[in-house]
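Look at it first, then read on.

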Amino acid sequence: MNYPKEREKANGNEKISRRRFLKVTGTIIFVVGAGSYVPAKKSYSKPVTTDAHRDAIPPSNGYLLVDIRKCQGCTSCMLACTLVHEGVENPSLSRIQIIQNPFKSFPDDVTIEQCRQCVDPVCVQACPADALQANAKYGNVRMVDRTKCIGCGDCTEACPYTPSRTVVALDENFNEDFKARKCDLCANTPYHWDVAGGGPDGKQACVEVCPVGAIEFTKEIPAQKGDEGYKVNLRGTPWWGLGYTKG
Amino acid sequence: MSGYAGKILRVNLTNRKIKTIATKKYAKWVGGHGMGSAIFFDLVKDKSIDGFDPANIVTLMTSPLSGTLTPAGAARTEMQGIGVQSIPIGWFTRSNFGGRFSSMLKYAGWDGIVVEGRADEPVWLDIRNDAVSVRNCRDLALWGTDTWQCQQQIWKYVAGKQMFGDWLEPAGRDGGQTTQRPAVLAIGPAGENLSRMACLIHDASSSAGQGGFGAVWGAKRLKAISVIGTGSIRVHNPQALMQARLWQQKNYAFKLDNLKRKYMSVDFQSPPVPGTLYRRGKPWIGKRPQACIGCHSGCRGRYADGIGNEATCFTTTFYPFADSLGIQRQACDLLNRNGLNAAEMLWGELYIRDLNRAGILGPGKEIDCPLNFGSYGQLAFAEQLVQAITYRNDGRGNEHRFGDDLAEGFVRAADKWGRLDGAHGDLQTGRLMFPIWGLPRHKEARSQLDWAYGTILGDRDINEHGFDQLRSNPTYNKRWGIPLYGSAEEVVKIYTDKMVPFQGDRRMLDFSDANMYSEHIAKLVTWHRYYSRFWKQSVQFCDWRWPDFLNLYGPGKVGSTGIAEPKFLNAVTGYNFSFLNGIELGRKIWNLDHAIWTLQGRHRDMVQFADYLYTQPSFTFDGHTEYMPGIENGKWRYIKVLGRHFDKSKFEEFKTRFYRLQAWDTRSGYPTRKTLESLDMGYVADELEKEGRLGRA
């Protein structure tokens, strides 16, 4: 089975995606501010076509912050993520990705790549099926409605980060069609362990399970420029007391 | 079958044919060691063959918990086959390593791998989900590379031009994607050159060290197995698994805001601190803890200078008299890159150092040795020694019998040099500290009886730390003043209450001289064998974190063992296993292993320690004594256990007690038909009978 996108390419109707455009031009425009409300089109690059009615996307009420110097690389967050969302263990379906290289030196040996719930969510804007939206029911978390998703991969292409934070994979619940997944702060988790559920006002599996506290949830909008707003220092006295340096 | 991929990969290197075995055929063994032993029994018709024989098979088995959220229970891989390290017989043995190999194998859709035969030229195995290829090493020039080079070359080959960190489609567009690199298990040049102390390395320092399996792979001309997978592991009850994980973490794991201890301990409650044992302490540079898949508390580290990444335990003890910490750390990497067993290298290096200082070994000496002892302490010395053993030469590329001798293992080398002869041989005096089955010393055998008896009644240094805190905590309390976990009586109660079906027999943990050969100690060893064979080596809970007997975070210091293990297994598989069910299945697996050793030629008369354990008092290198719980003058105390040795005739009495407890023939140590049939293994009794090795009732 091919992505619908591939079929489109085969028909000669390929559009230049935002992600591909950004990779070529190296241009990423961030419009940010704590609590800011960002009209999407203002920061959206020209080559991507979006529907005119989606011109205002409210910011998410929740964000994940990570400390890549504290992470011990156990990938428990990835296992918890797919467990509560999909009922299986599969790092390939995880909305948060730990990537590590045991032959590299600290701190370049590990990175955590989580969805930023971007204030300017180009994935939302890129979705041609309105399947990826800020969900008002769950604090405007950017969520995929898999019943609408056509598995085109445009959200993946649009995401300016590596690896792309949306995950497109075959879905056995939808006749083995390609469907996108992305971090919803555990809002839509059929296998959530807690009666309170997830989302910005609930519990996030990766935060709860991380044994060293390298993932934190916040309602404050992180600085959108660069990584500093999302990759933070969550170490502290107890951590240093175990023999780890402050740097 | 929740928790399982459903199939086991069977690769014949001789004809390069690839087959599958349905996992359900062996499901009654649950996973890991049990499955590996059962497969070995079925596929190897003549169990008495040498480990280098192409008919020997090597199994690498996962568990239903591999790749799941089970804390310290999701990452081990159990390797089995006939080893080449022990003497007088290379026993059917096991080695086990962590990291991410077993989880990746499961994500690729395999519960295990069976390797048989011998390739006509060096090969490696390339597994990408269902696609399995036996590839020639020459295409990537892998043969001759060290273990790190080999892994990274395979990464590059599998990933192609995809940049590190981006999504990769290793099995094609419809085969799923991953950000991970393949999990590769590789031998180094030591394995290629058939050193009997060759091991296998995965990532930087996850090592399958024991058994000489590196050489077994070398003989099969198998350089590496690479696996990358993008599939799912089905979980029977996802909510129950998540709840179990959080329950375990909340109630029994370290708390950064409430640290009970700040150092690494070999138990569940330990904080994430690298378990390094460098003689000059820990490197005080930027570092992180590094954990296996799913583990709550990493025991390894990665460092700002990248030296000694992931190395722990024995690997970090090699070359203790190096001139600096930096040199000792680099020596770790030498072992990992060349693929050498650290325990054998530690004690072997100290042995030749001792012989050199005594004027016996050196250039032109009684034992002609090309090593430059003038550079002892520098990295150059360690490099020359490692190269000599790896390449069977003088360590500088020139032919020399010294390296060839050592590559056969230090006991075989000492034998060849005539050092084992007579009443003052090096295994009589204890100069050569390879006390059991020709294997290197680990814990002091005359103190830690569970360790000594488990090893001599088994096949290898057990390297099972389940009772190690009974020695380390009171010993380090006396030595360094660290707080005691509790009084001897309190601790013994907490432990023995969990040891079903022998629970409540407190004297199982009485390590006093008077109790060394008792029925109680026989029960301790029995329980430890059964627990380890099932929960630790088949379900594959990590040795450094389980069992969770005593836990300072637990209610009344009582840990989670007995409750936790089946909780995780049942949540993943949907089984209704009790803790005792696991102990009973452990008994069955232990009996199968013992039957295989019997078919290899074991008789109770062979079950003997090296002579020095019967004649020389036990000691520690720093001169401090060791303490363990025991009854003294009618009261439980932490008693001194150093300075004693085994008594040969009393050890014979102990063996009889142990064999009786197993319902084996006490005269020969052979298993009996009645016992095997009671365990539903009449077919094993048939084979023993055919070979004239069935015990009499």
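## Confidence in chain A

Chain A has an average pLDDT of 83. In that chain, 77% of the residues score at least 70. Keep in mind that this is a predicted model.

Over residues 1–54 of chain A, pLDDT stays under 50. The model still has 81 contacts beyond four places in sequence for this stretch. Where pLDDT is low, predicted coordinates should not be read in detail.

## Where chain A meets chain B

Contacts link 50 residues of chain A with 61 residues of chain B. On the side of chain A, several elements give two or more residues, among them helix H3 (76–86), strand E4 (88–89) and helix H7 (237–241). H3(A) gives the largest share, five residues. By class, this side of chain A has 27 nonpolar, 18 polar and five charged residues.

Strands also pair across the two chains. E4(A) pairs with strand E13 (residues 233–234) of chain B. The sense is antiparallel, over two bridges. A:Val88 has B:Arg234 in E13(B) as its bridge partner.

## Inside chain B

Chain B is divided into domain 1 (7–228), domain 2 (272–429) and domain 3 (449–546 + 578–690). The centres of domain 1 and domain 2 of chain B, taken over C-alpha atoms, are 26 Å apart.

In chain B, 38 residues of domain 1 are in contact with 28 residues of domain 2. On the domain 1 side, H4(B) gives the largest share, three residues. The residues of that side divide into 16 nonpolar, 18 polar and four charged.

Technical notes
Residues are numbered from 1 along each chain as its sequence is written. Chains are lettered from A and ligands numbered from 1 in the order in which they are written. This is a predicted model: local features need pLDDT of at least 70, side-chain atom pairs count only at pLDDT 80 or more; totals for chains, interfaces and linings use all residues. Domain bounds come from an automatic or database domain assignment. Two residues are in contact if their C-beta atoms, placed from the backbone, lie within 7 Å. Helices (H or I, at least four residues) and strands (E, at least two) are DSSP runs, numbered from the N terminus. Ala, Val, Leu, Ile, Met, Phe, Trp, Tyr, Cys and Pro count as nonpolar, Asp, Glu, Lys and Arg as charged, and the others, Gly among them, as polar. pLDDT is the predictor's confidence in each residue, from 0 to 100. Two strands pair if DSSP finds at least two bridges between them.
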